[in-house]
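Please keep the structure open beside you as you read.

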Amino acid sequence: MEWLIVAIVSLGTSFVKTAFGLGAGVLFGPVLALFLEPRQAMGMTAPVMFLSSVAALAAHWRRWDWPVLRRLLPTALAGLWLGSVFLAQAPAPHLRRAIGVAAVSFAVVQVARLRRGEAVSPAGDWAPGPAVLLGFTGGVVSGIAHSGGLFFSMYLLPRLEKVAFVASLTATLMVVDLFRLVSYWYLDVLQPRHVLLGLLCAPLMLLGGWLGKRLNGRLSSRGFVTALSALIAATGLALLAR
């Protein structure tokens, strides 16, 4: 059964990432947590998230903005460790509530951003506060529910032009995903079979990416993101109600 779950997540994650951007991790993590023990769900999906980030980074190699990443990554990794420790030690009901809160928060913020046309803080604001707040929050949420990308993008978007933004967000997620694997392994959340299953399902990621690319121009991105956010919110509410 595990191989089937990882196969579906591999195909779906690469499809959603390629076709519509954010939402893959925060969708599949909570959905699996509805049916599996939360630690198992996060451990099973962690290798898939990392491999999909590696594939995405190859398309944006060396286009990132290193000075911006230097501000964001330290606090993101600190938050990631805290979130991973919580995932490893908290009782399952607390984990489901935390994942549910993360999912609902993601959906609310995503829809709010769409409504205001991505209007956030002005470019050129290099005060340390946003990097600390959004980086740390994104790291904590990444450790618990694979969904810190939204918080990282809130910091990166107003400070970078389009190509540098995509490359910098991709690089941030790859570094976070790599350190999450290390943290999960150290804390016994990640099992060797999860890594093997992720590697075996790599061809499905390529298929999902191809399907996502074909669909990308055929649907309204705004409409789909709104629908995806509603699905994520519903999943989060279901977790909170358990």
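A238 is found in helix α11, which spans residues 221-241; helices here are DSSP runs (H or I, at least four residues; strands are E, at least two), numbered from the N terminus. The model is predicted, so to speak of local features requires pLDDT of at least 70 and side-chain atom pairs count only at pLDDT 80 or more, while totals for chains, interfaces and linings use all residues. Residues are numbered from 1 along each chain as its sequence is written, and side-chain values use heavy atoms, with hydrogens and water left out.

How exposed is A238? Its relative accessible area is 31%, so A238 counts as partly exposed (buried means under 20%, exposed over 50%, partly exposed in between, with a 1.4 Å probe and protein chains only). A238 and L34 are 204 residues apart in sequence, yet their C-alpha atoms are 7.7 Å apart in space.

T235 is also found in helix α11. With a relative accessibility of 8%, T235 is buried. The table gives the two values together.

| Residue | Relative accessible area | Class |
|---|---|---|
| A238 | 31% | partly exposed |
| T235 | 8% | buried |

Leaving aside neighbours within four places in sequence, T235 is in contact with P30, V31 and L34, where contact means heavy atoms within 4.5 Å.

Next, consider R96 in helix α5 (residues 92-115). R96 is buried and has no salt bridge, meaning a side-chain nitrogen of Lys or Arg within 4 Å of a carboxyl oxygen of Asp or Glu. The nearest side chain of opposite charge, E37, is 6.6 Å away from R96 (Lys and Arg count as positive, Asp and Glu as negative; His and the chain ends are not counted). What lies 3.3 Å from a polar atom of the R96 side chain? That is the backbone oxygen of A33. Beyond four places in sequence, the contacts of R96 include L36, P38, L239 and R242.

V9 touches F28, L32, T45, V48 and M49, leaving aside its neighbours within four places in sequence.

Overall, the protein has 11 helices and zero strands, and buried residues make up 50% of its 242 residues.

Terms used: A polar contact is a pair of N or O atoms within 3.5 Å; within protein, one must be able to donate a hydrogen and the other to accept it, and residues adjacent in sequence count only if both atoms are side-chain atoms.
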